[in-house]
Structures are given as C-alpha cells and as structure tokens.
Amino acid sequence: MHVLHVVGARPNFMKAAPVIRALNQRPQVRQSLVHTGQHYDANMSAVFFSQLDMPAPDVNLEVGSGSHARQTAETMIRLEPVLLERRPDIVLVYGDVNSTVAAALVCSKLLIRVGHVEAGLRSFDPSMPEEINRIVTDRLANVLFTPSADGDENLQREGVEPEKIYLVGNVMIDSLVRLLPAAMRCPKNGLPDRFALVTLHRPSNVDDPATLKTILDSLLTVSEELDVIFPVHPRTRRRISEFGTNAVKLHLLDPLPYIEFLALQRRATAVITDSGGIQEETTYLRVPCLTLRGNTERPVTVTAGTNTLIGTDNNKLHSELAKILEGKTKSGSIPPLWDGNAGERIAEILCQLPVNPNESSTRNLVVV
Ligand code: UD1
C-alpha cells in the first residue's frame with residue numbers, strides 16, 4: 001500500500017509525524033511526503049521537520065504566500081501531476097489549512113481516496129477560513145479520523161456515513177507526549193517563575209488595526225503584573241510594523257521551534273492565544289488557557305480541559321487572569337484517547353482498509 005501525506009503549514013507537521021512514524025513500522029506500507037510550501041520560513045517549517053524527526057519531503061511544491069484563492073489554486077495545480085505520477089492508494093491530509101482542502105479537492109477528482117486526520121471539528125463560524133476548509137475536506141474525505149466524540153457527532157449530523165468515521169484520538173498529543181521529556185530538559189535561561197505566554201495570528205485578530213491595538217493594549221496591561229512572552233507569527237509581525245502598534249514592553253520573539261515552545265507552554269502561568277492546537281496542548285498539560293476567540297472548534301478543551309473563551313473582551317481577560325494568579329484555575333481533565341497512541345490507531349485502520357474501489361478508474365485517468 002502506498003500512502004502519500006500532504007502537509008503545508010506549521011500545525012500540520014506535528015500531526016503528520018506520529019502517523020508517518022507508525023506507518024514506518026509496517027513493512028507492507030510505502031510512504032511519500034509532499035510539502036506544499038504554504039509555510040516556507042525555516043522557523044515555520046524546516047526546524048519542525050528536524051525536531052519531529054520527519055523524513056525530508058519527497059516533493060516541495062513551493063506554493064508560498066498569496067490570497068486564499070491563489071494559495072489553494074496553486075497547490076491544486078502543482079499537486080495534480082505529482083499524484084498522477086505517484087498514484088498513491090490513499091492520500092492523508094491534516095487539519096484545516098489551505099493545503100488540506102486543496103489536496104482533498106485534487107484527490108477527489110482523480111478518484112484517489114482521501115483520509116482526513118482531525119476530521120469533524122466545527123466552530124460553526126463561517127467567517128473563519130479554516131471552517132470552510134474543514135467542511136469541504138470532510139465532505140470529500142473517504143476516511144475520517146476524529147480526535148474527540150464531538151467530531152463524530154458533527155459528521156453524522158452532516159450526513160457522513162458512520163462507517164467512514166473512526167474516533168482515534170488526538171495525533172498532535174502523540175507528538176507532545178513523545179517530545180515533552182526533551183522539552184523539560186530545555187534550560188530555563190533566565191525565564192521568570194511566572195509569565196504569560198502569548199500567540200496571536202488569526203486574521204480576525206491581527207488584520208484589523210483597531211482590533212490588534214485593543215489586544216496589544218490589553219497585553220501591555222497584563223505585562224504590568226506578569227511578564228509576557230510573545231513568539232510572533234510572521235503575519236502578526238508584519239501587521240505590528242505596518243500599523244505602528246506599540247508592543248515594546250512585551251518580549252517579542254521570533255517563532256520558536258516545537259520543543260522550545262512546548263517547554264514554555266509547560267512552564268507558563270497562563271497561555272493567551274488564538275491558536276487552535278494550543279488550546280489542546282494546554283488542556284493536555286493542564287495549563288490555564290485564555291483563548292482570544294468567541295468560539296472554538298475544540299469545545300472539549302472548554303468542557304473538559306483548561307480552556308476559557310475570552311473573545312476580545314478586555315475585562316474578561318483581566319478578570320480571568322486575576323483568578324489564575326490567585327490560584328483559582330480549572331483543574332481540567334484529559335479527553336479520552338489523547339494518550340500518545342492516535343498515530344498507531346490510524347496506521348492500524350489504514351492497513352485494514354479494503355482495496356481502493358476506484359483503483360482501475362484512477363489508473364485510466366487522462367488529463368484533458
Ligand atoms: C495558516 C493556517 C492556519 C494555521 C496557521 C498556523 C490557513 C487558511 N491558515 O495561517 O489555520 O493556524 O497557518 O501558523 O491555511 N508567512 C511567512 N513565512 C512563512 C509562512 C507565512 O512570512 O513561513 C506569512 C505570509 O506572507 C502570509 C502570512 O504569513 O502573508 C500568513 O501565512 P498563511 O499561510 O496565509 O496563513 P497563516 O496565517 O500562517
């Protein structure tokens with residue numbers, strides 16, 4: 001069996017690594033890895049490959065930045081000939097980034113089976129580009145691997161046949177579990193005992209000057225009582241300099257490698273973020289997380305975990321942070337199957353899938 005993985009952006013890498021690792025243990029499986037090049041800076045991509053011990057990509061499509069339409073379309077155009085040449089039995093796509101939906105679209109038209117890892121998550125917020133990517137990818141996927149039971153419920157409500165859905169747990173937690181010991185060996189290098197770790201990159205928070213200013217002003221107030229450590233995403237860095245927004249009192253860093261960032265999360269007093277994955281990692285680590293969004297596609301992090309939705313409500317951020325500083329934190333529990341073995345479960349299921357029913361038609365495809 002030939003499994004081809006498509007990855008493109010930072011949050012894909014820690015999800016694909018455990019699946020690749022588990023499939024490597026199965027001699028009947030051949031694998032190839034395509035990097036779309038959606039994220040291309042060394043500190044957004046290459047460093048993750050080395051820390052996660054991932055093989056170098058067989059192909060890099062070098063799609064780079066652009067509008068959503070351009071990025072998605074370029075990925076489709078450049079991926080199609082690769083798939084026609086390599087003819088995998090199944091393509092695995094990860095998460096909800098533009099590379100994910102682009103690959104799912106190409107595969108569907110080539111009658112190549114698609115497996116979606118991290119299927120079924122819904123924020124029910126159509127203004128979020130990732131929500132569109134999630135819905136379309138799940139509609140096209142032939143095999144859907146969900147991280148939590150809410151994913152199964154969402155998919156079934158949308159009419160996905162239950163036999164296509166596999167509740168496997170959270171692959172991102174596999175990478176966390178494997179690399180947490182390495183993270184705990186990271187030197188503290190003058191890190192304060194108490195600090196807030198911040199990440200921010202959602203277009204809704206950083207692309208509008210007034211919203212970004214409100215959030216940064218709020219973080220500046222936080223920094224009066226707690227050090228703020230802020231590894232800055234390239235999009236946000238650009239916006240801060242374009243808008244001339246005042247962030248001098250915050251410790252602004254370049255994006256960090258996986259292990260160093262994990263060490264900071266583990267040691268943080270609180271994490272303030274608009275990321276999806278960090279809501280899950282903090283839940284596993286039982287570190288309080290204040291999410292600067294009004295909704296989440298990962299509700300289990302709020303109901304079971306340590307996550308609290310803040311939106312952009314300044315007052316709520318400060319009152320929730322005050323509670324954390326007083327030690328009144330959500331104790332949280334780790335959701336079922338977030339145990340470090342999700343990649344193994346996916347590999348096992350893949351090896352038992354029936355032969356691709358479309359195989360003969362895939363072989364006969366002619367591009368016109
Ligand atoms: C993408 C994903 C988002 C994910 C995030 C994690 C989509 C729709 N969004 O958002 O779900 O949470 O990645 O980081 O796919 N840039 C660089 N260097 C890089 C990568 C990007 O400078 O290595 C710049 C680009 O110029 C671009 C901006 O950052 O303008 C945003 O990159 P893009 O891939 O469009 O989306 P993200 O905001 O990173």
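## Two strands at one end of a sheet

Val-34 is one of the residues involved, and it stands opposite Val-59 in E3. Between these two strands the chain passes through helix H2 (residues 46–51), and this β-α-β crossover from E2 to E3 is right-handed, a word used when, with the strands pointing away from the viewer, the path from the first strand over the helix to the second runs clockwise.

The model is predicted, and for that reason local features need pLDDT of at least 70 and side-chain atom pairs count only at pLDDT 80 or more, while totals for chains, interfaces and linings use all residues. Residues are numbered from 1 along each chain as its sequence is written, and side-chain values use heavy atoms, with hydrogens and water left out. The helices (H or I, at least four residues) and strands (E, at least two) named here are DSSP runs, numbered from the N terminus.

## The sheet of seven strands

E2 and E3 belong to an open sheet of 7 strands, whose order is E3-E2-E1-E4-E5-E6-E7 and whose pairing is parallel. E3 and strand E7 (165–167) stand at the edges with a single partner strand each, so one side of each has no neighbour in the sheet.

Strand E1 (residues 2–7) pairs with strand E2 (residues 30–35) in the parallel sense over 6 bridges. Within this pair, the bridge partner of Val-3 is Gln-31, and Val-7 stands opposite His-35. E1 is also joined by 4 bridges to strand E4 (residues 90–94), which runs parallel to it; here Leu-4 has Val-91 as its bridge partner, and His-5 has Leu-92. In a regular strand, side chains alternate between the two faces of the sheet. In E1 both faces are covered, with His-2, Leu-4 and Val-6 buried on one side and Val-3, His-5 and Val-7 buried on the other. Buried means under 20% relative accessible area, exposed means over 50%, and partly exposed lies in between (1.4 Å probe, protein chains only). Since 6 of the 6 residues of E1 are buried, the strand is largely enclosed by the rest of the structure.

Helix H4 (residues 98–109) lies across E1, E4 and strand E5 (113–117), and it runs at about 160° to E4; such angles run from 0 to 180 degrees between N-to-C directions, with axes taken as lines fitted to C-alpha atoms, for helices over the stretch in contact.

## Helix H1

The chain goes from E1 to E2 through helix H1 (residues 10–24), and this crossover is right-handed. The 15 residues of H1 should span 21 Å, and its end C-alpha atoms are 22 Å apart, which agrees; the expected span is 1.5 Å times one less than the number of residues. H1 bends by about 30° at Ala-16, and Pro-18, a proline, follows within four residues. The bend is the angle between axes fitted to the seven residues ending at that position and the seven starting there. Because 11 of the 15 residues of H1 are buried, the helix is largely enclosed by the rest of the structure, and Ala-16 and Pro-18 are among the buried ones.

## The sheet of six strands

Another open sheet has 6 strands in the order E10-E9-E8-E11-E12-E13, with parallel pairing. At its edges stand strand E10 (251–253) and strand E13 (307–309), each with a single partner strand, so one side of each is left without a neighbour in the sheet. On average, neighbouring strands here are turned by 20° against each other, direction ignored.

Strand E11 (residues 270–273) and strand E12 (residues 289–291) run parallel and are joined by 3 bridges, with Ile-272 standing opposite Leu-290. Helix H14 (residues 314–325) packs on the sheet, touching E11, E12 and E13, and its direction makes about 175° with that of E12; contact means heavy atoms within 4.5 Å.

Leu-197 lies in strand E8 and counts as buried because its relative accessibility is 0%. Leaving aside residues up to four places away in sequence, Leu-197 touches residues including Ile-229, Phe-261, Leu-264 and Ile-272.

Helix H11 (residues 258–267) is mostly covered, with 8 of its 10 residues buried, among them Phe-261 and Leu-264. What covers these buried residues includes H1, H2 and strand E8 (195–198).

Methods
Pairing = 2+ DSSP bridges.
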